[in-house]
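I opened this entry to record what I looked up. The notes follow in the order in which I made them.

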Amino acid sequence: MATLDIRNLDKHYGAFHALRDINVGIESGEFLVLVGPSGCGKSTLLRAIAGLESVSGGQILIGGRDISRIEPFDRGVAMVFQNYALYPHMTVRQNMGFALKVARQPKAVIDAAVQRAAEILRIEAQLDKKPKALSGGQKQRVAIGRAITRSPEVFLFDEPLSNLDAALRSQMRIELGRLHAQLGATMVYVTHDQTEAMTMASRIVVLRDGEVEQIGSPLELYNRPARRFVAGFLGSPRMNFIQARVRSSTGRIVSLDAPHLDTGAGNAPSLDITLAPDAAVPAPGAPVVVGIRPEAFADGAGVGWQLNGTVAVVESLGRDTLLYIDTGPLRAFDSESLEGYFAVHRTRQMDARHGDAVSVRIDPRHVYLFDDERAIAWPERADD
Amino acid sequence: MGGPRFRLATLIAYGIVSLWSLLVIIPTLWMVLGAFKTRREFFLDPLGLPSTFGPEAFERALGAGIGTFLLNSAIVTVLSVILIVVVSGMAAYVLARTDSRWMRFVYLLIVAGFAVPVQAVLIPLFQLVSGAGMLNSLFGIVLPYAAYGIPFTIILFYAFFLDFPKELEEAALLDGCRPVKTFFHVVLPLTGPAIASAAIFQAVFIWNEFILALLMLTRPDLKTLTVGILQLGGEFTADWAAIMAGLSIAILPLLLIFVLAQKYFVRSLAGLGK
C-alpha cells in the first residue's frame, strides 16, 4: 500500500472555486474520511484523486509519484461509487474481472483474483448472477470486489453506504472496517454522515466551501475542535451555541455574560472560563460564542448558568433520551432545531412530556468558547 | 381510484383513440380486400367484400417482379439502416458527452439539417449522385438515404445518451477503458432499445420512400417496391387488384417488425425532445 499526498490542490469550475489550497497527507494503510456538508468539495476532491476531474493547480502524489495529470487507469486507484456503477449486462464474475480482462491478463489470473475477492467479501454464491438479481448490500460488495481485484495502491469510496437502509448501513460499516483491517489498504472515504466518519476513520478531514477546516482523529476533532463549524458538525445532536459577551478578564480567565440567563443564586449571570494557553484574550465587551454538547448539561444547582424552561420535544431512543428545551427568550443559535431549542442528551429512559418544567445547568468546566469562529477554550478532560 | 368524472374522461379518450384507429385500419383493410376483387367488383362495388378470396392478383403482382422489388427494397433498407445507426450512434455519443461550445454548435447544425425537406434539394442531389456515376446503383441510393436519416437518428440517440449513467463510463475509465473501448464494451451493449427504435423509424421511412428511388433507380431490375408497383399501372388502364396485392405484400415486412419491436419504439419516443 502507498502513501497519498495532496499538495496545494486547487480546482475551479469557471469562476467557482471548488477546492482551495488543499493539503492532506495520508499514511500507508490509513483510513481517511473526508466529511462535510453538501457542496463542500469532498466528492470533487475524491474525483480529482481518481482522475475523473482535472485539477487547476497543485499536485497529487501516490507513493511519491505525481499522478495529477495521469490517466485514471494508470494512477493505481480503484473507486467504489455511491450507486455501485456495476455493468448491468455483465455477471458479477465479469464485473469483477473486467479491469483485468481489459489489461489482457490470462484467464487463470482473472479467475483467481475474482475468486479471492469473492471469498473476502463472501459473495461466491452470487458470481454468476447479474446485478439486477442482487440486493443493495450485495451490489455494494460486488462494487468493492471489483476494486479489490484491481489491487490498487489506494481505494476511493464515494458515499458507498448512502443508498442503503439504516440496518444495512450499520452492517456494511462493520464490514468495511473488517476489510480495512484484513487488507491493510490505504483508503479514502467520502461521506456526509458524521456517524460514519466518527466510527470508521483513522483520521477525519472536515471540509467546508472547498477548504480544509481541520484534520485529526475522530476524538481529537470531537474533543478539541479548532473551529466552531467543526464543533457543530461533529456530534449528534449538534452542539448548542449561545451568543455571549466578555464582561471582564483576569489573566487567562474570562467572565462571560449573556442576556436572559439566571445563575439560580440571584446574581447577575456570569460564566468564568479558562482560555487555552495559546488563545488570544478577547477584549471586554467582545462578542463570543459559548458551546455546550447536549450530553454535557449538568442537573441541579451549582456553579455556572442555569437554564430554566419547558420540554418542547422528547425523543426517546430506548437506551437514551433527547430533550429539546424551550427556554423562552434565551435561544440557541445555529442549533439542531430551527426554533432555537436547547438539545439535552440523557443516557437513561425518562418519563418526560411536552410542557414539563425542566432545569439544566451549564457547568463552566464543560464549555467550549469561540471567538469569531476560532476555538479559544475547551472543556477540561481527565486525560489532558 | 376515480369517480364518474374519471370514467367519462376515460370513455372519451378511448372513443377518440378507437375512432382514430378505425381511420387508420379501414383504408388498409380496404386495400387488402381490394387485392381479392375483380376489376368489375372494384368499380361497381368499391366498399363491398370480394366474392372470392383467390390468389390471382397476388400471382400477377409477383409475376410483374414484386419479388425483385422486394429484394431491392430489403437490401437498400438494411444497408441504409446499418450505416445510419453506426454513424449516428458514434456521433451522438460524442456530442452528448462533450463540453465544447463548438460541438454544441455542430449539434444545432445537425438538428437544423433535419428541417430541410428532400424535395428542396432534389435537383442538386440528383446532379451530385449522377456526377459521381452512382445512378442506378443500390449503393448510390443508400448514401442519400443515410444522409437524410442521420440527423433524426442523432437526435434520438443524443436524448438516450444524455440519460445514460455517466458512472458506468467512469467505472470503465478506471477499469482501463479508453473512450472507444468504453463505447463498444459498456455503452453499446446497453443501447439496444435506442438502436431498435432508430432502426424501426428509419426502416419505415426508407422502405416507403418514393421520390429519390423514382429518380435514381430507373433500371427495372433495380427498382424498389414503391417504384416497381407503378409498373402494374399502364398509361390508360391499371390492374388495381394487382396493385393492391403488391401494396399488401409491401407493408407486410414492416408491419411484422413493428409488431415485434413496438415497445422499443414507444420507449424511445418518450425520450425525445431533450
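I began with the domains: the centres of domain 1 and domain 2 of chain A, taken over C-alpha atoms, are 38 Å apart. Domain 1 covers 4–233 and domain 2 covers 240–377; these bounds come from an automatic or database domain assignment. I then listed who touches whom, and found 7 residues from domain 1 of chain A and 9 residues from domain 2 of chain A in the contact. Here two residues are in contact if their C-beta atoms, placed from the backbone, lie within 7 Å. On the domain 1 side I sorted the residues into 4 nonpolar, 1 polar and 2 charged. For these classes, Ala, Val, Leu, Ile, Met, Phe, Trp, Tyr, Cys and Pro are nonpolar, Asp, Glu, Lys and Arg are charged, and the others, Gly among them, are polar.

A note on the source: this is a predicted model, in which local features need pLDDT of at least 70, side-chain atom pairs count only at pLDDT 80 or more, and totals for chains, interfaces and linings use all residues. Residues are numbered from 1 along each chain as its sequence is written, and chains are lettered from A and ligands numbered from 1 in the order in which they are written.

Next I took chain A as a whole. The C-alpha trace spans about 85 × 45 × 40 Å along its principal axes. I found 8 helices and 20 strands in chain A. Helices (H or I, at least four residues) and strands (E, at least two) are DSSP runs, numbered from the N terminus. Of the 384 residues of chain A, 42% are buried. Buried means 20 or more other C-beta atoms within 10 Å of a residue's own, exposed means 12 or fewer, and partly exposed lies in between, with C-beta atoms placed from the backbone. Among contacts in chain A with a separation of 6 or more, 66% join residues 24 or more positions apart.

Then the chain interface. I found 16 residues of chain A in contact with 13 residues of chain B. On the chain A side, β6 (77–80) and α2 (92–102) each supply at least two residues. The largest share, 3 residues, comes from α2(A). By class, the chain A side has 14 nonpolar, 2 polar and no charged residues.

I looked at one helix pair. α4 (136–149) and α5 of chain A pack at an angle of about 30°, with axes 10 Å apart. Axes are lines fitted to C-alpha atoms, for helices over the stretch in contact, and angles run from 0 to 180 degrees between N-to-C directions. α4(A) and α5(A) are therefore roughly parallel, the word for angles under 35 degrees. In this pair, A:G136, A:G137 and A:Q140 of α4(A) meet A:L168, A:Q171 and A:M172 of α5(A). That contact holds 2 nonpolar, 4 polar and no charged residues.

Last, the backbone. Which peptide bond did I note as cis? The one from A:S236 to A:P237, with omega near 0°. A:P237 sits in the loop between α8 (228–233) and β11 (240–250) of chain A.

A:E159 has phi of about 45° and lies in the loop between β7 (154–158) and α5 (166–183) of chain A. A:E159 counts as partly exposed because it has 19 C-beta neighbours inside 10 Å. A:D209 has phi near 50°, in the loop between β9 (203–208) and β10 (211–216) of chain A. A:D209 has 15 C-beta neighbours inside 10 Å, so it counts as partly exposed.

Key: Parallel < 35°, antiparallel > 145°, perpendicular 65-115°, else oblique.
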